[in-house]
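Please read each point alongside the structure shown here.

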Amino acid sequence: MLSNSSRPVIIVTGANTGVGFGICHRLLFQLTIGSGHPVSNELELDCDGLTLILACRSKQRAEAARAKLCDTADELVCRAQRSPDYDGHAEIFRKNLHIAIHTVDLANIQSVFHFADEVAQNYPYVSHLICNAGLACFTRIVWPLAFQQFLTDWISAVTSPRFFLQSVGDTSPDGLGWVWQCNVFGHYALFRALEPMLAKYLAAPGARVVWISSHEATSEFYDPKDWQLVKSEHSYQCSKYQMNMVSLHLDREAIRGQLDGTPAVRHLVAYPGVAGTSIASALLGTFRSFCMFVTFYIVSSIEYLAILGSPNHPIDIFKAAISAVHLSLIGIASLPGVSGMASSTNIKGAVQLGTVYISNTDRWGREYVGTTGLDQSQEEEAQTKELLENCDRLLKTFCDVQGRTSPSG
(Lines give C-alpha, C1' and ligand atoms only; values in the text may rest on other atoms or scores of the structure.)
Protein backbone atom coordinates (compact mmCIF):
# COMPACT_ATOMS: atom_id res chain seq x y z
CA MET A 1 0.00 0.00 0.00
CA LEU A 2 1.45 3.34 -1.06
CA SER A 3 1.94 5.82 1.76
CA ASN A 4 0.78 9.41 1.99
CA SER A 5 4.08 10.64 0.51
CA SER A 6 3.73 8.50 -2.62
CA ARG A 7 0.03 8.50 -3.40
CA PRO A 8 -0.50 8.88 -7.15
CA VAL A 9 -1.14 12.26 -8.74
CA ILE A 10 -2.84 11.54 -12.06
CA ILE A 11 -3.55 14.13 -14.75
CA VAL A 12 -6.19 13.35 -17.38
CA THR A 13 -6.59 15.80 -20.25
CA GLY A 14 -10.08 16.19 -21.67
CA ALA A 15 -11.45 14.65 -18.46
CA ASN A 16 -14.89 16.24 -18.48
CA THR A 17 -16.45 14.13 -21.22
CA GLY A 18 -16.12 11.05 -23.41
CA VAL A 19 -13.28 8.60 -22.88
CA GLY A 20 -11.49 11.05 -20.58
CA PHE A 21 -14.42 11.00 -18.15
CA GLY A 22 -14.60 7.23 -18.54
CA ILE A 23 -10.93 6.96 -17.55
CA CYS A 24 -11.56 9.01 -14.38
CA HIS A 25 -14.61 6.93 -13.52
CA ARG A 26 -12.75 3.67 -14.01
CA LEU A 27 -9.73 4.84 -12.01
CA LEU A 28 -12.02 5.55 -9.05
CA PHE A 29 -13.77 2.20 -9.49
CA GLN A 30 -10.64 0.08 -9.61
CA LEU A 31 -8.79 1.93 -6.86
CA THR A 32 -11.81 2.08 -4.56
CA ILE A 33 -12.72 -1.60 -4.72
CA GLY A 34 -9.13 -2.53 -3.86
CA SER A 35 -6.81 -5.31 -4.95
CA GLY A 36 -9.07 -8.07 -3.63
CA HIS A 37 -11.58 -7.62 -6.47
CA PRO A 38 -11.14 -9.84 -9.59
CA VAL A 39 -10.95 -6.75 -11.84
CA SER A 40 -8.04 -5.38 -9.83
CA ASN A 41 -6.12 -8.47 -8.76
CA GLU A 42 -3.10 -7.59 -10.89
CA LEU A 43 -2.74 -4.00 -9.66
CA GLU A 44 0.68 -2.91 -8.56
CA LEU A 45 -0.59 0.60 -7.82
CA ASP A 46 -2.37 -0.22 -4.57
CA CYS A 47 -3.00 2.99 -2.66
CA ASP A 48 -5.15 4.51 0.07
CA GLY A 49 -5.70 7.81 -1.71
CA LEU A 50 -5.42 9.67 -5.00
CA THR A 51 -5.12 13.16 -6.42
CA LEU A 52 -6.97 13.21 -9.73
CA ILE A 53 -6.43 16.35 -11.81
CA LEU A 54 -9.07 17.13 -14.42
CA ALA A 55 -7.22 19.07 -17.12
CA CYS A 56 -9.95 20.72 -19.19
CA ARG A 57 -10.56 23.84 -21.28
CA SER A 58 -13.87 24.67 -19.61
CA LYS A 59 -13.88 25.12 -15.85
CA GLN A 60 -17.68 24.96 -15.79
CA ARG A 61 -17.79 21.59 -17.56
CA ALA A 62 -14.95 20.32 -15.39
CA GLU A 63 -16.85 21.26 -12.23
CA ALA A 64 -19.90 19.34 -13.48
CA ALA A 65 -17.68 16.33 -14.18
CA ARG A 66 -16.09 16.58 -10.73
CA ALA A 67 -19.52 16.59 -9.08
CA LYS A 68 -20.47 13.42 -10.96
CA LEU A 69 -17.19 11.74 -10.02
CA CYS A 70 -17.63 12.63 -6.36
CA ASP A 71 -21.12 11.14 -6.42
CA THR A 72 -19.69 8.05 -8.10
CA ALA A 73 -16.99 7.74 -5.42
CA ASP A 74 -19.66 7.89 -2.69
CA GLU A 75 -21.72 5.23 -4.46
CA LEU A 76 -18.65 2.98 -4.73
CA VAL A 77 -18.08 3.24 -0.99
CA CYS A 78 -21.69 2.21 -0.33
CA ARG A 79 -21.30 -0.67 -2.76
CA ALA A 80 -18.09 -1.84 -1.10
CA GLN A 81 -19.66 -1.66 2.37
CA ARG A 82 -22.34 -4.12 1.32
CA SER A 83 -19.75 -6.81 0.65
CA PRO A 84 -19.38 -9.44 3.41
CA ASP A 85 -15.59 -9.25 2.95
CA TYR A 86 -15.39 -5.46 3.25
CA ASP A 87 -12.15 -4.36 4.94
CA GLY A 88 -12.67 -0.60 5.21
CA HIS A 89 -10.40 0.30 2.29
CA ALA A 90 -13.09 2.16 0.31
CA GLU A 91 -13.81 4.64 3.11
CA ILE A 92 -10.11 5.34 3.63
CA PHE A 93 -9.58 5.84 -0.09
CA ARG A 94 -12.60 8.16 -0.36
CA LYS A 95 -11.32 10.24 2.57
CA ASN A 96 -7.95 10.65 0.82
CA LEU A 97 -9.42 11.28 -2.65
CA HIS A 98 -8.86 14.79 -3.98
CA ILE A 99 -10.33 15.70 -7.37
CA ALA A 100 -8.81 18.95 -8.60
CA ILE A 101 -9.50 21.13 -11.63
CA HIS A 102 -6.86 23.01 -13.57
CA THR A 103 -7.75 24.54 -16.91
CA VAL A 104 -5.60 24.08 -19.98
CA ASP A 105 -6.06 24.74 -23.69
CA LEU A 106 -3.74 22.54 -25.75
CA ALA A 107 -4.24 24.87 -28.73
CA ASN A 108 -2.46 27.60 -26.75
CA ILE A 109 1.10 26.83 -25.59
CA GLN A 110 1.04 29.73 -23.13
CA SER A 111 -1.91 27.96 -21.48
CA VAL A 112 0.08 24.72 -21.41
CA PHE A 113 2.99 26.46 -19.67
CA HIS A 114 0.63 28.10 -17.18
CA PHE A 115 -0.98 24.74 -16.40
CA ALA A 116 2.42 23.11 -15.80
CA ASP A 117 3.43 25.99 -13.52
CA GLU A 118 0.24 25.57 -11.48
CA VAL A 119 0.86 21.85 -11.11
CA ALA A 120 4.48 22.43 -10.04
CA GLN A 121 3.37 24.97 -7.44
CA ASN A 122 0.61 22.82 -5.93
CA TYR A 123 1.84 19.22 -6.02
CA PRO A 124 5.08 17.46 -5.04
CA TYR A 125 5.20 15.30 -8.18
CA VAL A 126 3.11 13.83 -11.00
CA SER A 127 2.79 10.06 -11.27
CA HIS A 128 0.71 9.80 -14.46
CA LEU A 129 -0.05 11.98 -17.45
CA ILE A 130 -2.89 10.57 -19.54
CA CYS A 131 -2.94 12.37 -22.90
CA ASN A 132 -6.55 11.90 -23.86
CA ALA A 133 -7.88 15.27 -25.12
CA GLY A 134 -8.14 15.62 -28.85
CA LEU A 135 -10.28 16.68 -31.74
CA ALA A 136 -11.05 16.04 -35.37
CA CYS A 137 -12.11 18.55 -38.00
CA PHE A 138 -14.80 16.33 -39.50
CA THR A 139 -17.25 18.40 -41.52
CA ARG A 140 -19.67 15.90 -43.05
CA ILE A 141 -20.18 12.31 -44.16
CA VAL A 142 -19.56 11.38 -47.79
CA TRP A 143 -22.50 9.02 -48.09
CA PRO A 144 -21.55 7.30 -51.40
CA LEU A 145 -18.17 6.46 -49.89
CA ALA A 146 -19.87 5.31 -46.68
CA PHE A 147 -22.14 2.90 -48.58
CA GLN A 148 -19.17 1.64 -50.60
CA GLN A 149 -17.09 0.91 -47.50
CA PHE A 150 -20.01 -0.80 -45.74
CA LEU A 151 -20.58 -3.02 -48.77
CA THR A 152 -16.91 -3.90 -49.36
CA ASP A 153 -15.41 -3.94 -45.86
CA TRP A 154 -18.09 -3.50 -43.24
CA ILE A 155 -15.87 -4.36 -40.27
CA SER A 156 -13.48 -1.58 -41.28
CA ALA A 157 -16.42 0.75 -41.88
CA VAL A 158 -17.50 0.52 -38.23
CA THR A 159 -13.94 0.58 -36.83
CA SER A 160 -11.87 2.87 -39.05
CA PRO A 161 -14.34 4.70 -41.30
CA ARG A 162 -12.98 6.46 -44.38
CA PHE A 163 -16.12 8.42 -45.21
CA PHE A 164 -15.77 11.41 -42.87
CA LEU A 165 -14.74 14.51 -44.79
CA GLN A 166 -12.25 16.69 -42.90
CA SER A 167 -11.53 20.36 -43.40
CA VAL A 168 -8.07 21.40 -44.61
CA GLY A 169 -5.92 24.37 -43.63
CA ASP A 170 -7.27 25.02 -40.12
CA THR A 171 -4.77 26.65 -37.78
CA SER A 172 -4.67 27.22 -34.03
CA PRO A 173 -4.42 30.57 -32.21
CA ASP A 174 -0.67 29.88 -32.11
CA GLY A 175 -0.61 29.70 -35.91
CA LEU A 176 0.08 25.96 -36.03
CA GLY A 177 -1.88 23.12 -37.56
CA TRP A 178 -5.02 23.00 -35.42
CA VAL A 179 -5.58 19.25 -35.22
CA TRP A 180 -1.84 18.65 -34.97
CA GLN A 181 -1.38 21.04 -32.06
CA CYS A 182 -4.40 19.78 -30.11
CA ASN A 183 -3.67 16.09 -30.61
CA VAL A 184 0.12 15.90 -30.79
CA PHE A 185 2.17 19.03 -30.12
CA GLY A 186 0.08 20.32 -27.20
CA HIS A 187 0.51 17.01 -25.39
CA TYR A 188 4.20 16.82 -26.27
CA ALA A 189 4.69 20.33 -24.89
CA LEU A 190 2.75 19.35 -21.77
CA PHE A 191 4.95 16.28 -21.26
CA ARG A 192 8.14 18.34 -21.61
CA ALA A 193 6.78 20.98 -19.24
CA LEU A 194 5.89 18.33 -16.65
CA GLU A 195 8.91 16.08 -17.23
CA PRO A 196 10.73 17.15 -14.03
CA MET A 197 7.55 16.56 -12.02
CA LEU A 198 7.16 13.07 -13.50
CA ALA A 199 10.81 12.31 -12.73
CA LYS A 200 10.18 13.10 -9.05
CA TYR A 201 7.79 10.17 -8.67
CA LEU A 202 9.97 7.24 -7.66
CA ALA A 203 7.43 4.88 -6.12
CA ALA A 204 6.52 1.61 -7.79
CA PRO A 205 5.23 1.07 -10.40
CA GLY A 206 6.88 4.29 -11.64
CA ALA A 207 5.71 7.36 -13.52
CA ARG A 208 4.27 7.00 -16.98
CA VAL A 209 2.63 8.85 -19.84
CA VAL A 210 -0.33 7.13 -21.49
CA TRP A 211 -1.13 8.32 -25.01
CA ILE A 212 -4.74 7.73 -26.07
CA SER A 213 -4.54 6.94 -29.76
CA SER A 214 -7.00 5.34 -32.15
CA HIS A 215 -7.63 2.41 -34.48
CA GLU A 216 -7.78 5.06 -37.18
CA ALA A 217 -4.06 5.82 -36.82
CA THR A 218 -2.38 5.19 -40.16
CA SER A 219 0.66 6.28 -42.14
CA GLU A 220 -1.22 5.78 -45.41
CA PHE A 221 -1.96 9.50 -45.83
CA TYR A 222 1.02 10.91 -43.94
CA ASP A 223 3.41 13.34 -45.64
CA PRO A 224 6.40 14.03 -43.36
CA LYS A 225 6.94 17.35 -45.13
CA ASP A 226 3.48 18.45 -43.93
CA TRP A 227 4.28 17.48 -40.33
CA GLN A 228 1.80 20.03 -38.92
CA LEU A 229 -0.89 18.35 -41.05
CA VAL A 230 -2.19 21.67 -42.36
CA LYS A 231 -2.57 20.39 -45.92
CA SER A 232 -3.71 16.89 -45.00
CA GLU A 233 -7.22 15.71 -45.85
CA HIS A 234 -6.78 13.06 -43.14
CA SER A 235 -5.33 15.12 -40.31
CA TYR A 236 -7.01 13.10 -37.55
CA GLN A 237 -5.67 9.73 -38.74
CA CYS A 238 -2.21 11.21 -39.32
CA SER A 239 -2.12 12.88 -35.90
CA LYS A 240 -2.87 9.57 -34.21
CA TYR A 241 -0.15 7.91 -36.29
CA GLN A 242 2.29 10.61 -35.18
CA MET A 243 1.20 10.04 -31.58
CA ASN A 244 2.06 6.34 -31.87
CA MET A 245 5.47 7.06 -33.32
CA VAL A 246 6.28 9.79 -30.79
CA SER A 247 5.26 7.59 -27.85
CA LEU A 248 7.36 4.72 -29.16
CA HIS A 249 10.41 6.96 -29.64
CA LEU A 250 10.08 8.57 -26.20
CA ASP A 251 9.68 5.19 -24.50
CA ARG A 252 12.79 3.78 -26.13
CA GLU A 253 14.64 6.99 -25.25
CA ALA A 254 13.53 6.61 -21.61
CA ILE A 255 14.71 3.00 -21.47
CA ARG A 256 18.11 3.85 -22.94
CA GLY A 257 18.57 6.73 -20.51
CA GLN A 258 17.38 4.85 -17.46
CA LEU A 259 19.66 5.17 -14.44
CA ASP A 260 20.42 2.11 -12.33
CA GLY A 261 17.72 1.71 -9.72
CA THR A 262 15.75 4.76 -10.90
CA PRO A 263 12.44 4.06 -12.68
CA ALA A 264 12.18 5.62 -16.14
CA VAL A 265 9.17 7.72 -17.17
CA ARG A 266 7.56 5.24 -19.55
CA HIS A 267 5.37 6.06 -22.56
CA LEU A 268 2.56 3.68 -23.49
CA VAL A 269 -0.19 3.69 -26.14
CA ALA A 270 -3.84 2.77 -25.58
CA TYR A 271 -6.69 2.42 -28.07
CA PRO A 272 -10.11 2.94 -26.46
CA GLY A 273 -11.91 1.40 -29.43
CA VAL A 274 -15.20 2.71 -30.77
CA ALA A 275 -17.08 4.56 -28.04
CA GLY A 276 -19.57 7.39 -27.69
CA THR A 277 -17.67 10.70 -27.69
CA SER A 278 -18.37 14.35 -28.40
CA ILE A 279 -16.58 14.07 -31.76
CA ALA A 280 -19.35 11.90 -33.20
CA SER A 281 -22.10 13.98 -31.59
CA ALA A 282 -20.68 17.20 -33.02
CA LEU A 283 -20.72 15.79 -36.54
CA LEU A 284 -23.95 13.80 -36.52
CA GLY A 285 -26.06 15.38 -33.81
CA THR A 286 -27.20 13.58 -30.69
CA PHE A 287 -29.94 11.43 -32.22
CA ARG A 288 -28.03 10.27 -35.28
CA SER A 289 -24.94 9.68 -33.14
CA PHE A 290 -27.01 7.48 -30.83
CA CYS A 291 -28.37 5.54 -33.81
CA MET A 292 -24.87 5.09 -35.18
CA PHE A 293 -23.55 3.56 -31.95
CA VAL A 294 -26.58 1.29 -31.61
CA THR A 295 -25.78 0.09 -35.11
CA PHE A 296 -22.12 -0.40 -34.18
CA TYR A 297 -23.13 -2.42 -31.12
CA ILE A 298 -25.37 -4.67 -33.21
CA VAL A 299 -22.68 -5.05 -35.84
CA SER A 300 -20.08 -5.87 -33.20
CA SER A 301 -22.34 -8.61 -31.79
CA ILE A 302 -22.90 -10.01 -35.29
CA GLU A 303 -19.14 -10.07 -35.85
CA TYR A 304 -18.67 -12.24 -32.80
CA LEU A 305 -21.57 -14.56 -33.55
CA ALA A 306 -20.24 -15.04 -37.06
CA ILE A 307 -16.68 -15.40 -35.75
CA LEU A 308 -15.65 -12.71 -38.20
CA GLY A 309 -13.58 -10.42 -36.21
CA SER A 310 -13.74 -7.13 -34.48
CA PRO A 311 -14.02 -6.91 -30.68
CA ASN A 312 -13.13 -3.23 -30.93
CA HIS A 313 -16.53 -1.73 -30.09
CA PRO A 314 -16.84 -1.17 -26.33
CA ILE A 315 -19.36 1.63 -27.07
CA ASP A 316 -19.64 2.50 -23.37
CA ILE A 317 -16.95 4.97 -22.23
CA PHE A 318 -16.37 3.11 -18.94
CA LYS A 319 -15.54 -0.04 -20.88
CA ALA A 320 -13.52 1.92 -23.43
CA ALA A 321 -11.33 3.21 -20.59
CA ILE A 322 -10.09 -0.22 -19.53
CA SER A 323 -6.88 -0.18 -21.62
CA ALA A 324 -5.75 3.25 -20.38
CA VAL A 325 -6.55 2.43 -16.75
CA HIS A 326 -4.87 -0.96 -17.03
CA LEU A 327 -1.72 0.75 -18.30
CA SER A 328 -1.93 3.25 -15.45
CA LEU A 329 -2.26 0.72 -12.64
CA ILE A 330 -0.38 -2.38 -13.71
CA GLY A 331 3.33 -2.97 -13.08
CA ILE A 332 5.55 -2.51 -16.15
CA ALA A 333 7.04 -5.98 -15.62
CA SER A 334 3.54 -7.47 -15.98
CA LEU A 335 3.00 -5.94 -19.42
CA PRO A 336 3.91 -8.08 -22.45
CA GLY A 337 5.80 -6.51 -25.28
CA VAL A 338 7.14 -3.42 -23.47
CA SER A 339 10.77 -3.59 -24.47
CA GLY A 340 13.58 -1.56 -25.92
CA MET A 341 14.51 -4.43 -28.22
CA ALA A 342 13.07 -5.39 -31.58
CA SER A 343 10.85 -8.48 -31.33
CA SER A 344 9.84 -9.17 -34.94
CA THR A 345 9.91 -7.77 -38.46
CA ASN A 346 6.95 -7.60 -40.84
CA ILE A 347 6.97 -7.99 -44.60
CA LYS A 348 7.36 -4.22 -45.12
CA GLY A 349 10.61 -4.17 -43.14
CA ALA A 350 9.05 -2.49 -40.11
CA VAL A 351 10.23 -3.80 -36.76
CA GLN A 352 7.86 -4.42 -33.86
CA LEU A 353 9.34 -2.28 -31.11
CA GLY A 354 6.34 -1.83 -28.83
CA THR A 355 2.79 -2.81 -28.04
CA VAL A 356 -0.56 -1.07 -28.28
CA TYR A 357 -3.09 -1.92 -25.56
CA ILE A 358 -6.67 -2.09 -26.80
CA SER A 359 -10.05 -1.87 -25.06
CA ASN A 360 -11.96 -4.92 -26.28
CA THR A 361 -15.27 -6.55 -25.43
CA ASP A 362 -16.49 -10.10 -25.90
CA ARG A 363 -19.86 -10.95 -27.44
CA TRP A 364 -21.51 -10.55 -24.04
CA GLY A 365 -20.18 -7.01 -23.70
CA ARG A 366 -17.56 -7.89 -21.07
CA GLU A 367 -14.48 -5.71 -21.43
CA TYR A 368 -10.88 -6.89 -21.47
CA VAL A 369 -7.49 -5.62 -22.63
CA GLY A 370 -6.13 -6.85 -25.94
CA THR A 371 -2.78 -6.11 -27.57
CA THR A 372 -1.26 -5.63 -30.99
CA GLY A 373 2.25 -4.84 -32.15
CA LEU A 374 3.48 -1.31 -32.71
CA ASP A 375 5.79 -1.38 -35.74
CA GLN A 376 8.30 1.14 -36.99
CA SER A 377 10.55 1.02 -40.05
CA GLN A 378 13.94 2.72 -40.26
CA GLU A 379 12.38 5.38 -42.49
CA GLU A 380 9.64 6.00 -39.93
CA GLU A 381 12.19 6.21 -37.15
CA ALA A 382 14.09 8.88 -39.07
CA GLN A 383 10.86 10.77 -39.77
CA THR A 384 9.92 10.63 -36.09
CA LYS A 385 13.29 11.99 -35.02
CA GLU A 386 12.90 14.84 -37.51
CA LEU A 387 9.35 15.50 -36.24
CA LEU A 388 10.57 15.72 -32.64
CA GLU A 389 13.44 17.99 -33.65
CA ASN A 390 10.86 20.30 -35.23
CA CYS A 391 8.74 20.11 -32.07
CA ASP A 392 11.74 20.98 -29.90
CA ARG A 393 12.61 23.96 -32.08
CA LEU A 394 9.03 25.19 -31.82
CA LEU A 395 9.06 24.71 -28.06
CA LYS A 396 12.26 26.71 -27.77
CA THR A 397 10.67 29.52 -29.76
CA PHE A 398 7.65 29.57 -27.44
CA CYS A 399 9.96 29.47 -24.41
CA ASP A 400 11.97 32.41 -25.74
CA VAL A 401 8.81 34.44 -26.32
CA GLN A 402 7.57 33.66 -22.79
CA GLY A 403 10.98 34.33 -21.23
CA ARG A 404 11.37 30.73 -20.07
CA THR A 405 14.64 28.85 -20.00
CA SER A 406 12.84 25.55 -20.62
CA PRO A 407 9.27 24.24 -21.01
CA SER A 408 9.22 23.48 -17.27
CA GLY A 409 10.13 27.05 -16.42
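**Note on helix packing and a loop residue**

1. Helix H2 (residues 59-81) has 23 residues and, at 1.5 Å a residue, should span 33 Å; its end C-alpha atoms lie 33 Å apart, so expectation and model agree. The expected span is 1.5 Å times one less than the number of residues. Helices (H or I, at least four residues) and strands (E, at least two) are DSSP runs, numbered from the N terminus.

2. This is a predicted model, in which local features need pLDDT of at least 70 and side-chain atom pairs count only at pLDDT 80 or more, while totals for chains, interfaces and linings use all residues. Residues are numbered from 1 along each chain as its sequence is written, and side-chain values use heavy atoms, leaving out hydrogens and water.

3. The protein chain comprises 13 helices and 11 strands. Of its 409 residues, 56% are buried (under 20% relative accessible area, with a 1.4 Å probe and protein chains only).

4. Buried residues of H2 include Ala62, Ala65, Leu69, Thr72, Ala73, Leu76, Val77 and Ala80. Their cover includes helix H1 (18-33), strand S2 (50-56), helix H3 (89-95) and strand S3 (97-103).

5. The axes of H1 and H2 come within 10 Å and cross at roughly 25 degrees; axes are lines fitted to C-alpha atoms, for helices over the stretch in contact, with angles from 0 to 180 degrees between N-to-C directions. H1 and H2 are therefore roughly parallel (an angle under 35 degrees). In this pair, Phe21, Cys24, His25, Leu28, Phe29 and Thr32 of H1 meet residues of H2, among them Leu69, Thr72, Ala73 and Leu76.

6. H1 also packs against helix H12 (residues 322-329): the two axes come within 9 Å and cross at roughly 50 degrees. H1 and H12 are therefore oblique to each other. Here Ile23, Arg26, Leu27, Gln30 and Leu31 of H1 meet Ile322, Ala324, Val325, Ser328 and Leu329 of H12.

7. Where does Asn132 lie? Asn132 is in the loop between strand S4 (128-131) and strand S5 (138-141), and is buried, at a relative accessible area of 13%. A polar atom of the Asn132 side chain lies 3.3 Å from the backbone oxygen of Gly14. Beyond neighbours within four places in sequence, Asn132 is in contact (heavy atoms within 4.5 Å) with Thr13, Gly14, Val19, Gly20, Ile23, His187 and Ile212.

How values were computed: Buried < 20%, exposed > 50% of the residue type's maximum accessible area, 1.4 Å probe, protein only. Polar contact = N/O pair within 3.5 Å; in protein donor to acceptor, adjacent residues only side chain to side chain. Parallel < 35°, antiparallel > 145°, perpendicular 65-115°, else oblique.
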